[in-house]
Amino acid sequence: AVADLLGRGGHDGDTIADEAKPEDKVKLKIEVESLFDKSVEDIKVEDIEIEATVKDIDDGDDLEDLEADEASFDLKPGKDKELQIEFAVPFIADEGDYEILLTAEGEDENGATHTATMTLTLTVELEKHDVRITGAKLSKPALSCAPRTTVLDLTVQNYGNEDQDEVKFTVSNSDLGLFFEQKEIELESDR
């Protein structure tokens, strides 16, 4: 093998230490190293590309073609390079373990292709109670003396794995003397 992949200092088959939730950002630090020894064979690996695939995480589909922060690069014998791949856990991801397949591929100056793969595990955990405001918009963002009305349009989603029957939200501004509260909102789990 010409390249050695390390995900966050881990090894093939490791589980990423932190558990993720839907829409969390996951950042993988990957180190690629040329295992050619300059004193034995001074061969440079060129046009190395890193890709990641998270299997079955997007409602049974793969999250594919995740690329490193640098499109392609070359490595001289014995040298290494650290890159990052960042992705968001899909909203629809179910609780469980997901396989991340990392692949590094490049071609040496003699035309031979070199590929290295590594598999990590990402654990997605859902909270029982995880209600989020995912959007808020005023029909008139600025008010003048007359008329002094606007409409607040809120989007609220239940990311948790249980239905919620006592959700409430409050809108207040002491400078404007504004206080509005909506109680007993029912939100089914989007799971």
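Two strands are taken as paired if DSSP finds at least two bridges between them; helices (H or I, at least four residues) and strands (E, at least two) are DSSP runs, numbered from the N terminus. The model is predicted, so local features need pLDDT of at least 70 and side-chain atom pairs count only at pLDDT 80 or more, whereas totals for chains, interfaces and linings use all residues. Residues are numbered from 1 along each chain as its sequence is written, and side-chain values use heavy atoms, with hydrogens and water left out.

Strand β7 (residues 96–108) and β8 run antiparallel and are joined by twelve bridges. The two strands form a hairpin with four residues between them. Within the turn, Gly111 has a positive phi of about 90°. Leu101 stands opposite Thr119 in β8.

Six salt bridges are found in the structure, a salt bridge being a side-chain nitrogen of Lys or Arg within 4 Å of a carboxyl oxygen of Asp or Glu. One of them is formed by the side chains of Glu127 and Lys21, with an N to O distance of 3.4 Å. This pair links distant parts of the chain, 106 residues apart. Glu127 lies in the loop between β8 (113–124) and β9 (131–138), and Lys21 in the loop between β1 (3–7) and β2 (25–34). Accessibility was classed as buried (under 20% relative accessible area), exposed (over 50%) or partly exposed (in between), with a 1.4 Å probe and protein chains only. On this scale Glu127 is partly exposed, with a relative accessible area of 33%, and Lys21 is partly exposed at 25%.

A salt bridge also joins the side chains of Lys81 and Glu70 (3.3 Å, N to O). Lys81 belongs to strand β6 (residues 80–88) and Glu70 to the loop between β4 (61–67) and β5 (73–75), so the pair ties together parts that are eleven residues apart in sequence. Both partners count as partly exposed: the relative accessibility is 25% for Lys81 and 32% for Glu70.

In the salt bridge between Arg132 and Asp130, the closest N and O atoms are 2.9 Å apart. Arg132 is partly exposed, with a relative accessible area of 24%, whereas Asp130 is buried at 12%.
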